[in-house]
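Reader: Hello! Please walk me through this one, with the cut-offs spelled out as we go.

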Amino acid sequence: QVQLVESGGGLVQAGGSLRLSCTVSGRTFSSYGMGWFRQAPGKEREFVAHISWTGTSTNYADSVKGRFTISRDNAKNTVYLQMNSLKPEDTAVYYCASERRFRTAYFTMGPDAYDYWGQGTQVTVSS
């Protein structure tokens, strides 16, 4: 079975940084785009960042542009989310997800575009 495992969450002060990692097993990692989503209590799961299967294109939610960077290391079957200049409103459970379409040329921020999800890692930003 396909499994995604996130790590790297924790408690950080506003203005600080964290790097989240997500390791994928059970499918050819390099053939699928990857995304990061987050969900705060009482809120819907929202798109954060995406990287194409080729690693040559990325997309970000407006709320994190200029602060977050998504990257991937195919040798480690891992996607990363570097989070800088963190704000209290970034507090949420962060989930990584593997794109549904094989080597797709398209991008969408909708969660339905992803068929496998990790368990999530908590990020808490204090003021």
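Author: Gladly, starting with a term: a polar contact is a pair of N or O atoms within 3.5 Å, where within protein one must be able to donate a hydrogen and the other to accept it, and residues adjacent in sequence count only if both atoms are side-chain atoms. This is a predicted model, where local features need pLDDT of at least 70 and side-chain atom pairs count only at pLDDT 80 or more, while totals for chains, interfaces and linings use all residues. Residues are numbered from 1 along each chain as its sequence is written, and side-chain values use heavy atoms, with hydrogens and water left out.

Reader: Which side chains make polar contacts with the side chain of R38?
Author: R38 sits in β4, residues 34-39 (strands are DSSP runs of E, at least two residues, and helices runs of H or I, at least four, numbered from the N terminus). Leaving out residues up to four places away in sequence, R38 touches a set that includes E44, V64, F68 and V93 (contact means heavy atoms within 4.5 Å). Its side chain has polar contacts of 2.9 Å with the side chains of D90 and Y94.

Reader: Is R38 buried or exposed, and at what relative accessible area?
Author: Buried means under 20% relative accessible area and exposed over 50%, with partly exposed in between (1.4 Å probe, protein chains only). R38 falls under the 20% limit and so counts as buried, at a relative accessible area of 5%.

Reader: What is the strand order in the open sheet of 4 strands?
Author: β1 (residues 3-7) pairs antiparallel with β3 (residues 18-25) over 5 bridges, and E6 stands opposite C22 there; two strands pair if DSSP finds at least two bridges between them. β3 and β8 (residues 78-83) run antiparallel, joined by 6 bridges, and another 6 bridges join β7 to β8, also antiparallel. The order is therefore β1-β3-β8-β7.

Reader: Which are the edge strands of that sheet?
Author: Inside the sheet, L81 of β8 is the bridge partner of L20 and also of I70. An edge strand pairs on one side only, which is the case for β1 and β7 (68-73).

Reader: What radius of gyration does the protein chain have?
Author: The chain has 0 helices and 11 strands, its C-alpha trace spans about 40 × 25 × 25 Å along the principal axes, and 43% of its 127 residues count as buried. The globule rule, 2.2 Å times the number of residues to the power 0.38, goes with a radius of gyration taken over C-alpha atoms. For 127 residues a compact globule would come out near 14 Å, and the chain agrees, with 14 Å.
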